[in-house]
Amino acid sequence: RWSRKIFSGIQPTGSLHLGNYLGAVRKWTHLQKARENVTLCIVDMHSITMPHNPPMLRENIFMMAATLLACGVDPAQSTLFVQSGVMEHAELNWILSSLTTMPRLAQLPQFKEKSRRVKDVPLGLYVYPVLQAADIMLYKATHVPVGADQLQHIQLAQHLIRAFNTRYGEMFPECSPMIEENDASRVLSLREPSKKMSKSDQDPRGTINLSDSPELIREKIKKAVTDFTSDITYSPSMRPGVSNLVNIHSHVTDESIATVVEEAKLLDTAKYKERVADAVIEHLRPIREKINMHLANERELCYVLEMGAEKARKVAQHTMSEVKQRLGL
Ligand code: ADP
Ligand code: NA
């Protein structure tokens with residue numbers, strides 16, 4: 001009854017790292033190529049729930065937009081826009097806030113974790129997952145690509161959808177999470193290969209950012225933690241460091257793990273790192289160039305985002321008028 005619609009929200013955190021790219025953004029572009037209906041929202045209103053720096057947020061929004069376009073998001077096929085430009089997100093958030101309870105929000109693990117870090121907990125931080133549900137519901141999304149840490153938030157969205165449909169009559173499709181990280185797509189920290197690559201990694205050398213220069217990428221890969229065996233094998237549990245490099249190498253060259261390992265059989269780890277660095281640099285070079293090109297052309301970038309917001313608004317306004325009618329507003 002419902003057509004497949006994919007919605008993904010991404011926080012404007014500045015640069016993306018290789019994990020975000022291989023684990024998430026690149027998959028969205030594959031969905032787009034497969035002619036799926038994809039809506040991508042830069043969720044700036046989620047970014048103000050913790051103390052933030054306004055000029056930096058503005059810069060990060062542009063950086064994220066430029067990065068997504070550079071990674072292959074096509075605004076003609078997908079809908080790419082900034083959340084605060086479509087006011088229906090805040091409007092539906094308010095309506096949904098009466099469909100859930102305070103204890104349910106208080107028990108969500110992300111809220112517990114983040115609220116521990118601030119003395120006075122902002123209401124916005126608390127309501128954050130309700131806004132996330134509004135994001136999804138406005139576009140009647142059926143599938144939501146998320147990291148594993150977002151699963152509880154999708155469950156809250158499912159709860160709100162059921163609550164709305166029960167109280168006001170069937171209007172929203174069930175939404176299912178599409179978990180993006182699996183063993184094959186999880187990129188590990190170069191410094192601590194027991195952990196995933198993350199922007200919150202304490203050691204910046206563990207993370208390759210899409211905006212890193214070729215020299216910096218090479219340096220980080222050279223210093224990647226491996227082990228005392230010098231040949232190249234793939235065994236994520238026994239040799240996580242080397243296997244992570246093989247995995248990254250396989251992703252950026254579009255070759256199978258077996259092929260990559262076979263081709264590295266005469267190399268030691270030091271030589272292999274050079275080869276991986278070459279491959280990563282080659283893969284990221286056009287992306288980095290496009291990021292810079294988009295950033296240098298801010299008017300064009302604004303125009304693309306405004307066109308995206310216009311497309312999104314049409315859908316969101318349609319949903320909101322239906323919602324208001326159901327509620328007697
Ligand atoms: P971070 O962990 O750096 O804070 P986010 O939590 O913002 O990244 O994740 C954004 C998206 O990128 C999610 O879909 C998540 O699954 C994906 N992602 C993040 N880190 C990795 C990683 N190391 N490997 C694969 N995918 C990742
Ligand atoms: Na995270």
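Visitor: What is the handedness of the β-α-β unit that β1, α1 and β2 make?

Guide: Residues are numbered from 1 along each chain as its sequence is written, while chains are lettered from A and ligands numbered from 1 in the order in which they are written. This is a predicted model, in which local features need pLDDT of at least 70 and side-chain atom pairs count only at pLDDT 80 or more, whereas totals for chains, interfaces and linings use all residues. Helices (H or I, at least four residues) and strands (E, at least two) are DSSP runs numbered from the N terminus, and a crossover is right-handed if, with the strands pointing away from the viewer, the path from the first strand over the helix to the second runs clockwise. By that rule the unit made by β1, α1 and β2 is right-handed.

Visitor: How many bridges join β1 to β2?

Guide: Two strands pair if DSSP finds at least two bridges between them. One position in the pairing is Gly 9, whose bridge partner in β2 is Cys 41. Strand β1 covers residues 5–10 and runs parallel to β2, and the number of bridges joining them is six.

Visitor: Which residue in β3 stands opposite Ile 42?

Guide: Strand β2 is also joined to β3 (residues 79–82), in parallel and by four bridges. With helix α2 (residues 54–70), these two strands make a right-handed β-α-β unit. Across this pairing, the residue that stands opposite Ile 42 is Val 82.

Visitor: How many of the six residues of β2 are buried?

Guide: A residue is buried if 20 or more other C-beta atoms, placed from the backbone, lie within 10 Å of its own, exposed if 12 or fewer do, and partly exposed in between. Strand β2, residues 37–42, is mostly covered on that count, the number of its buried residues being five.

Visitor: Which residues of β3 point the other way from Thr 79 and Phe 81?

Guide: In a regular strand the side chains alternate between the two faces of the sheet. In β3 the residues on both sides are buried: Thr 79 and Phe 81 point one way, and the other way point Leu 80 and Val 82.

Visitor: Which residue in β5 is the bridge partner of Val 146?

Guide: Strands β4 (residues 143–146) and β5 (residues 176–179) pair in the parallel sense over four bridges. Within β5, the bridge partner of Val 146 is Ile 179.

Visitor: Which helix gives the largest share of the shell around ligand 1?

Guide: Sixteen is the size of this shell, written as 16 residues, with Gly 19, Gly 23, Ala 24, Gly 147 and Lys 196 the closest; a residue is near a molecule if its C-beta atom, placed from the backbone, lies within 6 Å of it. The shell divides into four nonpolar, seven polar and five charged residues, where Ala, Val, Leu, Ile, Met, Phe, Trp, Tyr, Cys and Pro count as nonpolar, Asp, Glu, Lys and Arg as charged, and the others, Gly among them, as polar. The largest share, four residues, comes from helix α1.

Visitor: Is Val 25 buried or exposed?

Guide: Val 25 lies in helix α1. Leaving aside neighbours within four places in sequence, it is in contact (C-beta atoms, placed from the backbone, within 7 Å) with Leu 16, Asn 20, Leu 68 and Cys 71. Because 24 other C-beta atoms lie within 10 Å, Val 25 is buried.

Visitor: How far apart in space are Gln 32 and Gly 72, C-alpha to C-alpha?

Guide: Gln 32, also in helix α1, counts as partly exposed because it has 19 C-beta neighbours inside 10 Å. Beyond four places in sequence, its contacts are Val 38, Val 73, Asp 74, Gln 77 and Ser 78. Although Gln 32 and Gly 72 are 40 residues apart in sequence, their C-alpha separation is 9.2 Å.

Visitor: What is the phi of Asp 254?

Guide: Most residues other than glycine have a negative phi, and most peptide bonds are trans. Asp 254 is in the loop between α9 (240–253) and α10 (257–263), and it counts as exposed because it has 8 C-beta neighbours inside 10 Å. Although Asp 254 is not a glycine, its phi is positive, at about 60°.

Definitions and conventions
Contact = placed C-beta atoms within 7 Å.
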